[in-house]
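I opened the model today and kept notes on what I looked up. The entries follow in the order I made them.

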Amino acid sequence: MTFGYIPMGIGYAAIAIKAGMTPVETVSMSFLVYAGAGQIIAASMVLSGATLMTIILTNFVVNLRYLVMSTCVLNKIEKSNLPLNILAAHLTVDESFAMFSLSENSSIWIFLGIGLTSWLSWCLGAGIGVVVLDLLPIIVTNSFNISLYALFVAILIPSIKESRQIALLVLITAVLNIVLSQFLGNWSLIVSTLLGALIGMNIVDDGYLLSGDC
């Protein structure tokens, strides 16, 4: 996870700096927000001139999955308290959730160890990014901008291989976003995500979702 998060953090920093964010703002977002895809989306929307409300609502929709993940983590943990639960919620991301879900250990300290390692790795990547980007060739810094797309592809491919319904849903949502972007601008991501989720409720088999394969 560390080897994956540091390059991703650098990629986020490249987009954030290009969007006009200061080094302090760039790193602070990693410490305070800590939602990899959400941060990159926010920085990309700042770059495209989106309004603050659009950025907030987009991240709210995109990151709703963390509500479900945090609930699952809390249900698995045997002994904890409110301060540790709040910290655990802040550190819950896709990768830390997946690792803890596959672990037989249900200790809050195991999850916090996984989560803190991931969080600090991402923040380290962002810190490295704001320092070294000016020293790297333009072709290298521009290549970091595709990191978000690479991340989503890596997440989607296993599910697409397992289910044609998921593949169809991804295609439908992508087409919706492309079409709606012509009329709704930056709001297209929010609307297409919600419509995709609604369509997915009707075309994706519940048995597949409950099997744990996705």
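**Entry: α5 against α7**

I started with helix α5, residues 65–76, and helix α7. Their axes come within 11 Å and cross at roughly 30°. The cut-off for roughly parallel is under 35 degrees. That makes α5 roughly parallel to α7. I noted the handedness too: the crossing of α5 and α7 is left-handed.

Next I listed who makes the contact. From α5 I have Arg65, Tyr66, Met69, Cys72, Val73 and Lys76. From α7 I have Asp94, Phe97, Phe100 and Ser101. I sorted the residues of the α5 and α7 contact by class and got six nonpolar, one polar and three charged.

The chain averages a pLDDT of 81. I found that 84% of the residues score at least 70. Which element has the lowest mean pLDDT, and which the highest? Helix α13, residues 206–210, has the lowest, at 52. Helix α2, residues 23–32, has the highest, at 92. Where pLDDT is low, the predicted coordinates should not be read in detail.

**Entry: the chain as a whole**

I counted 13 helices and zero strands in the chain. The chain has 214 residues, and 38% of them count as buried. I then looked at contacts between residues at least 6 apart in sequence. Of these, 69% join residues at least 24 apart.

**Entry: α7 against α8**

I went back to α7, residues 94–102, and took its packing with α8, residues 108–132. The two pack at an angle of about 150°, with their axes 9 Å apart. Over 145 degrees counts as roughly antiparallel. α7 and α8 are therefore roughly antiparallel to each other. Their crossing is right-handed.

In α7, I see Ser96, Phe97, Met99 and Phe100 in this contact. They meet Ile110, Phe111, Ile114, Gly115 and Ser118 in α8. The residues of the α7 and α8 contact divide into six nonpolar, three polar and no charged. I marked Phe97 and Phe100 in my notes: they are on the list for α5 with α7 and on the list for α7 with α8.

**Entry: α11 against α12**

I then took helix α11, residues 164–184, with helix α12, residues 188–203. Their axes come within 8 Å and cross at roughly 150°. α11 and α12 are therefore roughly antiparallel to each other. The crossing of α11 and α12 is right-handed.

I wrote down part of the contact list. Among the α11 residues are Leu169, Ile172, Thr173, Leu176, Asn177 and Leu180. Among the α12 residues are Val191, Ser192, Leu195, Gly196 and Ile199. Taken together, the residues of the α11 and α12 contact divide into 11 nonpolar, eight polar and no charged.

**Entry: two residues of α12**

Is Ser192 buried or exposed? Ser192, in helix α12, is buried, with a relative accessible area of 1%. Leaving aside its neighbours within four places in sequence, Ser192 is in contact with Thr173, Leu176, Asn177 and Leu180. I also checked Ser192 against Ala174. They are 18 residues apart in sequence and 7.8 Å apart in space, C-alpha to C-alpha.

Ile190 is in helix α12 as well. Ile190 is buried, with a relative accessible area of 8%. What does Ile190 touch, not counting residues up to four places away in sequence? It touches Thr54, Leu57, Thr58 and Val61. Ile190 and Thr54 are 136 residues apart in sequence, yet their C-alpha atoms are 8.6 Å apart in space.

**Entry: Asn59**

I found Asn59 in helix α4, residues 52–62. At 13% relative accessibility, Asn59 counts as buried. Beyond residues up to four places away in sequence, Asn59 touches Gly38, Gln39 and Ala42.

**Entry: Tyr34**

My last stop was a backbone angle. Most residues other than glycine have a negative phi. Tyr34 has a positive phi of about 50° although it is not a glycine. Where is Tyr34 found? I located Tyr34 in the loop between α2 and α3, the latter being residues 36–47. Tyr34 is buried, with a relative accessible area of 3%.

Notes
Residues numbered from 1 in each chain as written. Predicted model: local features only at pLDDT ≥ 70, side-chain atom pairs only at ≥ 80, totals over all residues. Heavy atoms only, no water. Axes fitted to C-alpha atoms, helices over the stretch in contact; angles between N-to-C directions. Helix = DSSP H or I, 4+ residues; strand = E, 2+ residues; numbered from the N terminus. Parallel < 35°, antiparallel > 145°, perpendicular 65-115°, else oblique. Left-handed = near helix turned anticlockwise from the far one by under 90°. Contact = heavy atoms within 4.5 Å. Nonpolar A, V, L, I, M, F, W, Y, C, P; charged D, E, K, R; others polar. pLDDT = per-residue confidence, 0-100. Buried < 20%, exposed > 50% of the residue type's maximum accessible area, 1.4 Å probe, protein only.
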